[in-house]
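Here is a short briefing for a first look at this structure. Keep the sequence and the 3D view at hand while reading.

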Amino acid sequence: MKSWPKTMTVCGIPYSVVYVSSAAEVDSDNQALDLWGQADHSLSQIRLRTHSRKGAAISPEQMLATLLHEALHAMFVQHKLLKVDLSGNADTEDFIDTFAHLWADLLVRNGIVELPAKPKKKSK
Ligand SMILES: [Zn+2]
């Protein structure tokens with residue numbers, strides 16, 4: 001990856017990928033959660049957070065894991081896996097997050113994906 005993608009096609013559906021700096025900008029449902037990312041299926045949009053609550057840049061490895069996490073949500077919704085993932089069900093979150101981190105580690109550790117630096121500025 002030379003740069004962070006602005007779009008990502010998941011199961012044939014193009015999602016825009018938007019980089020934001022705060023949890024509030026990630027969370028379109030205003031759940032007041034400390035979210036790292038969110039897949040918004042109605043907008044075909046994935047929002048990824050670039051900074052922690054304390055303002056530190058999120059590592060490229062964490063951003064890749066979050067991007068894969070949100071892509072998995074999109075896949076699960078589109079293929080109706082795990083009884084449709086829209087509820088924020090904790091078991092579903094754990095399953096998705098574990099697989100996202102395993103895949104991110106696999107891809108980076110084996111040189112399949114080379115991570116770009118974090119995005120310099122947010123786009124909307
Ligand atoms: Zn999730």
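Helices are DSSP runs of H or I with at least four residues, and they are numbered from the N terminus. Just after the helix called α2, Lys80 takes a positive phi of about 55 degrees. The model is predicted. Its protein chain holds three helices and four strands.

**Overall layout**

- Along the sequence, the elements of the protein chain follow the pattern β-β-α-β-β-α-α.
- The protein chain has 124 residues, and 26% of them count as buried.
- Take the contacts in the protein chain between residues at least 6 apart in sequence: 62% of these join residues at least 24 apart.

**The sheet**

- Four strands make an open sheet in the order β1-β2-β4-β3, and the pairing is mixed.

**Strand pairs, one by one**

- β1 and β2 run antiparallel, joined by four bridges. In this pair, Met8 stands opposite Tyr15 in β2.
- These two strands, β1 and β2, form a hairpin with two residues between them. Cys11 lies in the turn and has a positive phi of about 55 degrees.
- β2 and β4 pair in the parallel sense, over five bridges. Here Val20 has Arg49 in β4 as its bridge partner.
- β3 and β4 pair in the antiparallel sense, over four bridges. Gly37 stands opposite Leu48 in β4.
- The hairpin of β3 and β4 has four residues between the strands. In that hairpin, Ser44 takes a positive phi near 50 degrees.
- Is β4 mostly covered or mostly exposed? It is mostly covered, as four of the five residues of β4 are buried.

**The largest nonpolar core**

- This core has 21 residues. Leu48, Leu64, Leu67, Leu68, Leu72 and Ala100 touch the most other members.
- Which elements give two or more residues to this core? They are β2 (13-20), β4 (45-49), α2 (60-78) and α3 (90-109).
- The largest share comes from α2, with nine residues.
- Leu64 touches Ala104, Val108, Val113 and Leu115, leaving aside residues up to four places away in sequence.

**The helix α2**

- An α-helix has 3.6 residues a turn, so residues three or four places apart point the same way.

**To take away**

- β4 pairs with β2 in the parallel sense and with β3 in the antiparallel sense.

Notes: Residues are numbered from 1 along each chain as its sequence is written. This is a predicted model: local features need pLDDT of at least 70, side-chain atom pairs count only at pLDDT 80 or more; totals for chains, interfaces and linings use all residues. A nonpolar core is a set of buried Ala, Val, Leu, Ile, Met, Phe, Trp, Tyr and Cys residues joined through C-beta atoms within 7 Å. A residue is buried if 20 or more other C-beta atoms lie within 10 Å of its own, exposed if 12 or fewer, and partly exposed in between; C-beta atoms are placed from the backbone. Two residues are in contact if their C-beta atoms, placed from the backbone, lie within 7 Å. Two strands pair if DSSP finds at least two bridges between them.
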